[in-house]
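This briefing covers a predicted model.

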Amino acid sequence: MTTTSYKSDLLRLLDARGYIHQVTDAEGLDDLAMRQIVRGYIGFDPTAPSLHVGSLVQIMMLRRMQQAGHKPIVLMGGGTGKIGDPSFKDEARKLMTVDTIAENIASIKRVFSRFLTFGDGPTDAVMVDNAEWLDKLEYIPFLRDIGQHFSINRMLSFDSVKLRLDREQSLSFLEFNYMILQGYDFLELSRRAGCRLQMGGSDQWGNIVNGIELTRRVAGEQVFGLTSPLITTADGGKMGKTAKGAVWLNADALPPYDYWQFWRNTQDADVGRFLRLFTDLSMDDVVRLEALQGAEINEAKKALADAATAMAHGPDAAVEAAETARRTFEEGAAGDSLPTLRVDGGRIPIVQALTVMGFAASNGEARRKIGEGAVRLNDLAITDPTFEIVLEDVPVKISLGKKRHGILLR
């Protein structure tokens, strides 16, 4: 089925915005979305207290479902999180305690209310936890009823497993069970919530297909799968990875200003694509903004940063971040929302300040940037890598290039 022939608002919207990589039965899903409200889910394992922008495409796909008049289901992996998804990982995840998983889920939940409308209405989002059914499974009955439907030969052929085995890296039996449990999630959600669609990143294709086939065999239900493309930056880098670390969605993990600045620093070639994926700006606005050339492309980047930050942290936080950036870049002032570092004792080597602030990945990189004249304190260039910053009662602004700024406090 060609992308231009989608009939439903759901697939037309997902296609126009760039979310579709693979669909198990595009025509069948398109017909279903034309006839009724589709209930679709995406799973999120609580591996940290916050999700990061690597999960944002999936969150936005649920948002697009709701915008198209369908019902999104947020599945928290309270059960699967006790194992950890081995897909395309070089080694096993560190096992978390039950208390840590519960704390992470409570923290992560706060993000979704920014992107989705929850409630009891036909298209209101709902949140469920797969621990509700996975924790109650009995091993022998589960093997008899569910395990018989999974082929070891086929599971070994999936890229996510094959990668580990080809590299002769250990894949525990515990991790090997993950894809069975994820497939079982789809079966349970189809029974409990009438769920007909699972979505996810392209690395989840094998797991999604497993769930579809299991649901068909056990429940006789036709269900569907849809994956989004792997989102990389124009230079081939992984989306959301910076020298400072992951770009977290929770404000207590990453200040809204840093979040705004991440989007503001988007590469020129990525602006149009990111406007489609990560904002609600109209397609007409996207086309207009991505057509800007030269210095004017900065206006498109600011629009991206404003819209993305407003969605994740609220309009006030976006306005404050934009104003902080304007004061910092246009007036040379130190805005109140810049990332800050409190220095015990009031003295810190400049190399250490750059690495702790995340402006440099290593001491060697910090010294190199200083030697290049890229580092400034209160807008004065520092070229001596042995320089020690002495803080009094007045904050000091530290800058790397024209786009990275922070505040040092005593």
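R264 lies in helix α12, which covers residues 256-264. R264 is buried but forms no salt bridge.

**R264 and its surroundings**
- The nearest side chain of opposite charge to R264 belongs to E299, at 7.2 Å. A salt bridge would need a side-chain nitrogen of Lys or Arg within 4 Å of a carboxyl oxygen of Asp or Glu.
- Leaving aside residues up to four places away in sequence, R264 is in contact with N298, K301, K302 and A305.

**Helix α4**
- Helix α4 runs over residues 98-115, which makes 18 residues.
- From first C-alpha to last, α4 reaches 27 Å, close to the 26 Å expected at 1.5 Å a residue.
- The buried residues in α4 are I101, N104, I105, S107, I108, V111, F112 and F115.
- These buried residues of α4 pack against the strands β2 (39-44), β3 (71-76) and β4 (126-129), and against the helices α3 (56-67) and α15 (297-313).

**The five-stranded sheet**
- An open sheet is built from 5 strands in the order β9-β15-β14-β11-β12, with mixed pairing.
- β9 (340-342) and β12 (380-381) are the edge strands; each has a single partner strand, so one side of each has no neighbour in the sheet.
- Strands of a sheet pair through backbone hydrogen bonds, in either a parallel or an antiparallel arrangement.
- β11 (residues 375-377) and β12 run antiparallel and are joined by 2 bridges.
- L377 has L380 in β12 as its bridge partner.

Notes
Residues numbered from 1 in each chain as written. Predicted model: local features only at pLDDT ≥ 70, side-chain atom pairs only at ≥ 80, totals over all residues. Heavy atoms only, no water. Pairing = 2+ DSSP bridges. Helix = DSSP H or I, 4+ residues; strand = E, 2+ residues; numbered from the N terminus. Buried < 20%, exposed > 50% of the residue type's maximum accessible area, 1.4 Å probe, protein only. Lys, Arg positive; Asp, Glu negative; His and termini not counted. Contact = heavy atoms within 4.5 Å. Expected span 1.5 Å × (residues − 1).
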